[in-house]
Amino acid sequence: MTQYEYNDQDEMESGGMTFDFRGYLFKVLNLWKLVLLCIGTALIIAYLINVRKPNIYRLDSLITIENDQNPFFTANTSISFNWGGVSGKVGKVITSLQTRTHNEKVVDSLLFYIDYLKEGKYRKEDIYKDAPFYVNIDQGQGQLLNKPLGIRFINDTQFEIFNEFEIEQGTMQFYGDKHTESVGLPLGAFNKTFTIGKPVVLPFAHFTLFTKPEQTIANNAEYFVEFLNFDQVVNSYKNAVKTEPFSKESSSVLKLSLSGHNKAKIVDYLNSTSAILSRTELERKNLYATNTIRFIDSSLATVNTSLKDVSEEMNTFRKQNKVFDVDAEMTEVSSRLREYEMAKELEQTKLSYLNALEEYLQTKTNYINIAAPSSVGIDEPNIQQSVGKITALAIERQSLEYTMKEGSNLFKDLDRRINAEKRVLLETIDATKRTIRLQLKSIQRQAANLESKLSNLPEDQQQYLKIQRKLDISQEAYNIYMAKRSEAAIVKAANISDITSIDDAKDIGGGLIGPNKSLNYMMALMVGFFLPMLMIFIIYLLDNTIHGSDEVERLSRIPILGLIGKYKYHNNLVVFEKPKSAVAESFRSIRSSMQFILKKQNADQKLGKTIMVTSSVSGEGKTFTSINMATVYALSGKKTILLGLDLRKPKIFGDFEITNERGMVNYLIGEHSLKEVTSHTNVANLDVIPSGPVPPNPSELLMSDMMTDLIAQLRTEYDMIILDTPPLGLVTDALQLTQFADATIFMVRLDYTKKGMLSLINAKYRMGEVKNISFVLNFYKHKTNHNYGYGYGYGYGYGYGYGVYGNAYHEKDKKVGVVGKIKEFIEKI
């Protein structure tokens with residue numbers, strides 16, 4: 001056969017790295033059962049997740065944030081909480097919802113640190129409001145954390161607490177001050193009976209259980225109560241409430257949403273968080289008014305005491321002196337003097353307020369407790385505006401302390417603005433105090449003139465008029481303070497929070513967001529499909545063995561002579577002992593194809609033909625092929641001899657029941673004659689020369705003249721000479737024997753021979769070291785072959801192995817059991 005010409009295209013096909021997509025596709029199709037199994041497993045897992053995972057719901061509510069400005073007392077005393085307008089307040093509200101302080105108030109008000117549970121199909125389920133009972137805990141005593149306590153109702157008046165404690169120590173929390181302590185637990189089963197409505201006192205629990213009258217509890221019904229760590233519950237809710245603008249057009253309307261497993265809990269938390277947020281905002285908004293009312297109340301207490309004292313003094317005076325009439329003129333003078341004294345009292349009150357305010361500003365850093373100047377009659381606009389601004393800035397700073405770290409730029413800016421306003425206010429206070437002192441001096445001079453006129457009256461009348469003036473002044477002061485307090489209380493009561501709920505959360509059905517069953521099934525399909533595809537791809541990519549004839553054709557230009565199917569038999573004499581088997585037919589097909597190769601040679605047709613059988617490594621079926629090729633030729637009437645030239649690892653003697661004591665080695669070293677080393681077999685026309693003892697120099701023996709003479713002699717005595725040689729990829733012995741071969745068979749065992757070995761034989765073929773070489777594929781399996789249904793075109797059409805002729809022609813093979821099928825399936829992977 002003519003050697004093909006080598007070029008770059010040949011190099012690419014024989015040694016290049018290319019991905020055979022069709023091979024990968026047919027590998028996948030061949031393993032369709034694995035893909036289907038993975039998809040089925042993934043769908044089962046998705047189903048178990050869908051039925052076992054608790055439902056997740058999301059509900060929402062709407063709140064609106066306005067910026068109402070209510071005047072306090074008068075238009076001059078209105079306080080503006082300047083948080084940057086509505087948009088600035090919206091940002092503060094969103095931040096406040098995520099503060100620990102706010103969520104602590106909500107969790108504490110709802111008692112969400114107590115879980116009411118009932119055993120469900122897959123887990124303990126939270127029954128919250130559906131529980132037919134509730135517990136009142138003792139805030140001053142500890143409750144065991146994270147250990148569900150079983151509640152079994154014995155009858156209408158008694159219940160049993162049960163549990164199985166596996167550890168000796170637990171943690172309990174005192175919900176009064178929220179601190180925790182360790183507590184000892186009784187190991188093993190715990191059971192104790194208590195009376196409904198009576199305190200439960202245990203080392204690890206202190207509460208009273210009450211039943212709901214509208215619900216009936218069956219005897220032996222079991223429930224669970226679990227106490228949770230307060231801080232952990234707060235943390236779980238702190239970032240759980242999601243806030244977003246309801247629409248782009250109405251940025252002051254916020255949508256609050258919360259996800260969870262119990263819709264009733266979600267509804268209560270959303271509504272409570274809105275209510276507490278609104279109430280807190282109103283308290284902050286009314287803080288200035290509250291401080292003013294507190295200041296008026298303290299002043300009222302002093303005035304009220306003074307009024308009582310003066311009234312008692314008047315009563316005592318009247319008891320001790322007779323009733324008399326004072327001259328009308330003197331009464332008028334006394335009345336005018338009372339007005340001056342009242343004015344003096346008012347100015348002194350203003351001066352006291354300003355002195356106290358000045359000291360407060362100079363000694364304090366928190367300015368949220370300042371009372372309104374108008375509460376003492378100070379109408380100076382600059383003072384009122386400055387006090388209002390400082391109070392508003394102080395309230396804003398306090399609100400930011402929940403969300404921002406001290407030392408931030410925003411705090412620095414607020415402090416700078418407060419200090420600037422404070423400096424202006426102190427200067428205004430100083431000027432106002434000087435004005436008040438001048439007014440006091442003027443009032444005192446005019447009062448002194450009037451007092452001189454009254455000095456001519458009798459002493460008892462002077463005393464009477466003096467007490468009467470004090471009484472009138474105290475009464476008028478009391479009336480003024482009461483009026484101002486009423487005014488402040490009315491304004492405070494009329495004030496509303498800037499945060500209002502416009503759509504409370506409500507369970508109207510729906511709201512289910514998880515588990516997304518359709519998505520889970522879709523993900524299962526994707527994972528179940530792509531995971532085995534990826535596994536097959538990785539295995540296929542890393543696999544460097546030859547699996548089919550198409551790979552051989554892609555990697556080498558050496559033709560394929562034939563295929564030998566996988567056949568399990570107790571020895572190598574398959575053609576002789578199982579002549580109707582598919583493997584025997586494969587060797588006949590190879591024999592027919594070999595005839596075309598041998599006829600093209602211009603050698604003497606009278607001399608015998610030599611066929612060398614070799615492979616890349618051991619275990620690829622070289623000896624098996626040699627024996628059966630020799631047998632198939634012998635059965636066709638050709639006088640055949642089989643030479644065991646694998647001197648390092650003799651094999652062929654055992655199948656013919658001959659010994660390896662004498663063979664090729666003995667002949668080549670001249671120890672025995674050809675006739676002495678030749679053995680006849682029970683196969684007609686077939687002789688065998690085994691390898692003989694393993695020599696120390698096999699290569700030198702095969703290169704000797706004795707080997708050349710032997711082949712020449714055998715060509716004259718035999719029609720076919722089969723050479724069983726060592727592996728070509730391991731030793732050089734086979735290369736030395738190619739000079740004697742008219743044709744060479746290179747064995748390729750599918751799923752065993754490495755692709756790199758074809759590069760080796762290709763290189764030797766290109767160099768001319770081997771000629772007339774053909775591939776024979778061993779261990780051919782029709783289902784794993786990657787031939788894609790097209791023919792080979794090499795003239796071995798009916799020698800492909802199984803399934804070509806049908807079982808009617810061949811001998812029936814043994815049926816493969818379940819274990820065998822599993823093993824075959826693993827081998828396919």
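1. The model is a predicted one.

2. The Gly514 to Pro515 peptide bond deserves a look: it is cis, with omega near -5°.

3. Helix α13 covers residues 517–542, and its axis comes within 8 Å of the axis of helix α3 (residues 32–52), the two crossing at roughly 150°. Because angles over 145 degrees count as roughly antiparallel, α3 is roughly antiparallel to α13. The crossing of α3 past α13 is right-handed.

4. On the α3 side, the residues that meet α13 include Val35, Ile39, Leu43, Ala46 and Asn50. Their counterparts in α13 include Lys517, Tyr521, Leu525, Gly528 and Ile536. Sorted by class, this contact of α3 with α13 holds 14 nonpolar, 3 polar and 1 charged residues.

5. Glu657 is not a glycine, yet its phi is positive, at about 60°. Glu657 belongs to the loop between β20 (640–644) and α18 (664–668). With a relative accessibility of 76%, Glu657 counts as exposed, since the cut-off for exposed is over 50%.

6. Asn685, also a residue other than glycine, has a positive phi near 70°. Its place is the loop between β21 (679–680) and β22 (686–689). Asn685 counts as partly exposed because its relative accessibility is 40%.

Note on methods
Residues numbered from 1 in each chain as written. Predicted model: local features only at pLDDT ≥ 70, side-chain atom pairs only at ≥ 80, totals over all residues. Heavy atoms only, no water. Axes fitted to C-alpha atoms, helices over the stretch in contact; angles between N-to-C directions. Helix = DSSP H or I, 4+ residues; strand = E, 2+ residues; numbered from the N terminus. Parallel < 35°, antiparallel > 145°, perpendicular 65-115°, else oblique. Left-handed = near helix turned anticlockwise from the far one by under 90°. Contact = heavy atoms within 4.5 Å. Nonpolar A, V, L, I, M, F, W, Y, C, P; charged D, E, K, R; others polar. Buried < 20%, exposed > 50% of the residue type's maximum accessible area, 1.4 Å probe, protein only.
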